[in-house]
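Hi everyone, thanks for making the time. Let me put the structure up on the screen, and then we can walk through a few places together.

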Amino acid sequence: MNPKFPYVLLVGAAVIIFILSCMLLSRGRQSPSCESQPSIVEKTGSMSQSLVFADLTPEEMSQVVRYLQGNLGVQLVDASRAKPSDNCIASVDLQVPAKAEVLRFLDGGGARPPREALAVLYFGNQAEPNVTEYVVGPLPTPAYHRDVTVHKYGGKVPYHRRPMLGSEYEQLGAFLETVAFAAAPTFLQEVFEYDRTNVAFRITVPHGFQSGDRKSWFVLFQNVSGFFVHPVGLEVLVDHSSLDMSQWAVSRVFYNGQYYRDMVQLESAYVQGRISVEKVRKAPWDGDFSSMKPRAPSAALFPLQYEPQGPRYSVRNNHVLFQGWSFAFGMSVSTGLRLFDIRHKGERVAYEISVQEALSVYGSNCPGGMSTRYMDGSFGLGRYTSPLVRGVDCPYLATYVDTHSLSGTQRLEKRKASLCIFEQNLGSPLRRHYSNLQSLYYGGLVNSALVIRSIATVGNYDYVWDFIFYQNGAMEGKVQATGYPSSSFLHGDGLRYGNRLWEHTLGTIHTHSINYKVDLDVGGVKNSLVAHDMAFEMTRAPWSPEQQIERPRLTKKVLDTEDQAAFRLQSKMPRYIYFAANSKNKWGHQRGYRIQITSFAGDHIPEASSMERAISWARYQLAVTRRKEEEPTSTSIYNQNDPWTPTVAFADFINNETITNEDLVAWITAGFLHIPHSEDIPNTVTVGNSVGFLLRPYNYYDLDPSIYSHDGVFFTSEQDVTACEINPLACLPKTASCLPNFPPFTYDGFQNM
């Protein structure tokens, strides 16, 4: 053996040990974890002041319930168990203080307005049943209540206008099962294999054709996942106007294109063989074609976003701070997500921005479909705000906020993670320029915006509500519609009213109209409405008079009255319309915020309709009125069940008052037409089903405020673009090489249902 061989082995072993040690050490040096705490410090004053808009706490709601139970002198039944003939608390929500009081507190050093609740009570156990609204305060220890119903609505609210409680739905379901269906056992068993569990129903609104009616069509479906697209062809009209449930009765029955007096007549006709039966294939419990279960296995993970140095925004109670933006947020039981005291660069630009209503008008050749006019605020856009799924409904690392409500029951309802807030890199520049003429440089700014979001699931539809804040001082309100399309049983001339989605499923044509309230305060409370647009003018070229030039010129008009500021859906609206302040920018222009609407709304329901006044806000793509405390909302929760005598008619807001140098409100309507198609199966996607509005600074600043953003990038041809001090993007391997802290996935959306 060569005597040098052992030394060779020793050297080789040492090299191998060294290599393995390096590998182990390199594996051990993992990237550091990303920061998880925001580096923003808020002033205590602004945070505590925002609480004037804060939703009621669970403790405050409980105190209001206890106070009402002990101080009204009548027995109050829990709404979840109430019969129509009982007295009950239907809902409790924040009573937002008057604007003048709030501004004295926020801006003038005045006293904090008393904290109060608005309680809606149903009094069915009275000689004259009615709905009454009480303001209860001061919270957290109530000592008084006052009836504000007459002051708000000019009189008591008739009892038939009350929104339906969950208990009434349950009572109607029991009526169908024990009374209506009991009259047609043979038909139900042989046609639907009815076993009391395999049928679901959807109720239509409004309830009839005239004030006082409470007659509802119940459309029957197979009780499977995504039942909304599994109609079976049977619809039952129930008269439930009586407060005595024993007096409820079937008024009409519809099956496969034919009408019957009641279930008894339907049963008789079936037994005698006088019915054309259309057997529907029994669907499995997962709904088959309507199942949301993915048809493909998981593969490569979709892209995720993270914040390498922690969130750049802060959320304290109901107050949000982001870049130059700050605002307070809340959740109304009826109208959902709303914002208050919206400021940019410390200056208020809007006092309130809120959703008002979501309307859908359906068409069909079936009675339930053709009579449906959903006003979702009546059901509760806030009440039906759904828990959000981390990573799908919002980015995984968003900030999630719980909300609480008291509606339809005396039991407080907590919806965990039902509101989310996050900063989003939109993947495109907010602005940029690449210069290859004269000087050579690049300048750009990443379009990173803050989003606050909630999603309301009202029956078959899911509405994704966003308010988005951009670094240039622009703000956007947007809604995206998804969920299941509503459907009718396909028969006869059904294809006049939609597309066939499955064997017996007609996706019914319908409109969506969304109304917003935008109370802008641009440079102060008093504003005017100004319209700018363009017109072509013909002129001779000064240097060549024999030649003609068509040149655009600026047109300007001050809109002096509410009538001038009410733009019908199909009318031509100035492309630049803005709230003008009483101050000017450096260049002598009135400072303003422009309203820009994104909408595909078509025709409004004809004004000759007996129910049109209840939804008269939908006549207008934009209407600007004087702000009045007695006109807080464009509609009412009571309009749904009595649209023929609306409790609030928005058309009455527009009475040609002057709107020059006044406190103004913009009422914005955005909408679209939905003709369900085969790609709406299993359900509707958000792509293309999005509308809303933008609020954009218009001569409000002396230049684009985003130039002061820390996210800007600029370098020239003569600079070293790999140097961190020149180009922050060159630092990403150092500043962004961290591991995000993904918390464990949890979901509480199926608890306490």
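Let's begin at Glu133, whose side chain makes a polar contact of 2.9 Å with the side chain of Tyr153. Keep in mind that this is a predicted model. The side chain of Glu133 has another partner: a polar contact of 2.6 Å joins it to the side chain of Lys152. Glu133 belongs to strand 3, which covers residues 130-137.

Is Glu133 buried or exposed? Its relative accessibility is 3%, and the cut-off for buried is under 20%, so Glu133 counts as buried. Setting aside neighbours within four places in sequence, its contacts include Leu118, Ala119 and Val120. Arg146, Asp147, Val148 and Thr149 are also among them, and so is Tyr638.

Now let's step back to the whole chain. The protein chain has 753 residues, and 52% of them are buried. There are eleven helices and 34 strands. Along the principal axes, the C-alpha atoms fill a box of roughly 105 × 95 × 70 Å. If we take contacts with a separation of 6 or more, 66% of them join residues 24 or more positions apart.

Which of its residues are buried? They are Met263, Leu266, Glu267, Ala269 and Tyr270. Looking down the axis of helix 8, you'd find these buried residues within an arc of 165 degrees, so they line one face of the helix. As a reminder, an α-helix has 3.6 residues a turn, so residues three or four places apart point the same way.

And what do the buried residues of helix 8 pack against? On the helical side there are helix 6 (166-180) and helix 7 (185-192). The strands are strand 8 (231-239), strand 9 (249-255) and strand 10 (258-260).

The ends of helix 8 are worth a look too. Asp262 caps the N-terminal end, with a side-chain oxygen 3.2 Å from the backbone nitrogen of Val264. After helix 8 comes Gly273, which has a positive phi, near 75 degrees.

Rolling a probe the size of a water molecule over the atoms shows where empty space is left. I've picked the second largest pocket, with a volume of about 1,200 Å³. It is lined by 37 residues, and those closest to its centre are Pro308, Arg312, Asn425, Asp711 and Leu732. Elements giving two or more residues to the lining are strand 18 (413-435), strand 19 (441-458), strand 34 (712-716) and helix 11 (732-735). Which element gives the most? That is strand 18, with seven residues. By type, the lining of this pocket splits into 18 nonpolar, 15 polar and four charged residues.

Last stop: Gln719, in the loop between strand 34 and helix 11. With a relative accessibility of 31%, Gln719 counts as partly exposed. A polar atom of the Gln719 side chain lies 2.9 Å from the backbone nitrogen of Thr716. Apart from neighbours within four places in sequence, Gln719 is in contact with Phe714 and Ile726. How far is Gln719 from Tyr441 in space, and what is their separation in sequence? The two are 278 residues apart in sequence, while their C-alpha atoms are 9.4 Å apart.

Note on methods:
Residues are numbered from 1 along each chain as its sequence is written. This is a predicted model: local features need pLDDT of at least 70, side-chain atom pairs count only at pLDDT 80 or more; totals for chains, interfaces and linings use all residues. Side-chain values use heavy atoms; hydrogens and water are left out. On a 1 Å grid over the protein atoms alone, a cavity is a set of points where a 1.4 Å probe fits but cannot get out, and a pocket is an open set with protein on both sides within 12 Å along at least five of seven lines; lining residues have an atom within 4 Å of a point. Grid points are joined across faces, edges and corners, and a volume is the space filled by probe spheres set on the points. Helices (H or I, at least four residues) and strands (E, at least two) are DSSP runs, numbered from the N terminus. Ala, Val, Leu, Ile, Met, Phe, Trp, Tyr, Cys and Pro count as nonpolar, Asp, Glu, Lys and Arg as charged, and the others, Gly among them, as polar. Buried means under 20% relative accessible area, exposed over 50%, partly exposed in between (1.4 Å probe, protein chains only). The arc is that of the directions from the helix axis to the C-beta atoms. Contact means heavy atoms within 4.5 Å. A polar contact is a pair of N or O atoms within 3.5 Å; within protein, one must be able to donate a hydrogen and the other to accept it, and residues adjacent in sequence count only if both atoms are side-chain atoms.
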